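Here is a short briefing on one model. It covers charge pairs, a helix and a surface patch.

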Amino acid sequence: MLKRLTCFLNRYPHWKLLLYWPLYGLAFELLEWYAKPGSYHVMYSPLDDYIPFQEIFVIPYYYWFIALIWIHVYTFFKEPVVFRKLMYFIMFTQTLSLIIFAVYPSIQFLRPEVMPRDNIFTRLVSYIYTIDTNTNVCPSLHVVGGIAVWLAAIRCKAFKTKGRRCFLFVSTVLICISTVFLKQHSVQDIPVALAVCVLGYPVAYGKYTERLIRRKKQRIRTLM
């Protein structure tokens, strides 16, 4: 068993990047449940009042979790170069988001007090409300994560066809807007998330990162 594990780790040296996730999860949980800021900045725009609650958007909202897991698994085994870029993007954008949460604590009061309907979708939304607080909402991590999946997926060999790229684009848009239709976020949270992604793009996909990855590939080939 130990020999197999050693072989696996040697074959996929980029596994070390996955160590970021438990560290991030710990930091997020501390901010979400234990940090008690003196005051929160309320995220609200008059435009929020014109966006109706639509529980059907819970489908793309939940799909985000599937897409995020899938892109990690697929690129980890099939396209390690894309995986590294994905992780660099996530490490930068998620860490920056945590810093913003700490420096600029945010909260929203958009959730309906009573569900307007009773069906499987509203029950799924209610479940989200029970496990996710209404704090630390700006920037929207769903938007940041959705863009992360899209940027990585369009670089994958499996998504070279127009149909699949169209699916990626539409699903990413639906993920982003699902956050406001489920009253998980204010519309203000989306542009801030997009700004975080703009800052993270050159970190993950810039020329310096390209050279860094090429050097790592050459080093791995030399060791093999």
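D118 and R123 are both exposed (over 50% relative accessible area; buried is under 20%, partly exposed in between; 1.4 Å probe, protein chains only). This is a predicted model: local features need pLDDT of at least 70, side-chain atom pairs count only at pLDDT 80 or more, and totals for chains, interfaces and linings use all residues. Residues are numbered from 1 along each chain as its sequence is written, and side-chain values use heavy atoms, with hydrogens and water left out.

**Salt bridges**

- Side chains of opposite charge can pair when their charged atoms come close.
- The count comes to two salt bridges, the rule being a side-chain nitrogen of Lys or Arg within 4 Å of a carboxyl oxygen of Asp or Glu.
- D118 pairs with R123, and their closest N and O atoms are 3.1 Å apart.
- E55 and R117 also form a salt bridge, at 2.7 Å from N to O.
- That pair links distant parts of the chain, 62 residues apart: E55 lies in the loop between β1 (41–42) and α3, and R117 in the loop between β2 (106–107) and α5 (120–131).
- Helices (H or I, at least four residues) and strands (E, at least two) are DSSP runs, numbered from the N terminus.
- E55 counts as buried because its relative accessibility is 7%.
- R117 has 38% relative accessibility, so it counts as partly exposed.

**Helix α6**

- Helix α6 covers residues 141–153, and its 13 residues should span 18 Å at 1.5 Å a residue; the expected span is 1.5 Å times one less than the number of residues.
- The end C-alpha atoms of α6 are 18 Å apart, which agrees.
- Twelve of the 13 residues of α6 are buried, so the helix is largely enclosed by the rest of the structure.
- Among the buried residues of α6 are L141, H142, G145, G146 and A153.
- Their cover includes α2 (20–34), α3, α4 (80–103), α7 (162–181) and α8 (189–205), with contact meaning heavy atoms within 4.5 Å.

**Nonpolar patch**

- L2, L5, F8, I69, V73 and F77 make a nonpolar surface patch of about 590 Å².
- Patch residues have over 30% relative accessible area and no salt bridge; nonpolar side chains (Val, Leu, Ile, Met, Phe, Trp, Tyr) are joined within 5 Å, like charges within 9 Å.
- Accessible areas come from the Shrake-Rupley method with a 1.4 Å probe, and for residues only the protein chains shown count as cover.
- α1 (2–11) and α3 (58–78) each supply at least two residues of the patch.
- L2 sits in helix α1 and counts as exposed because its relative accessibility is 65%.
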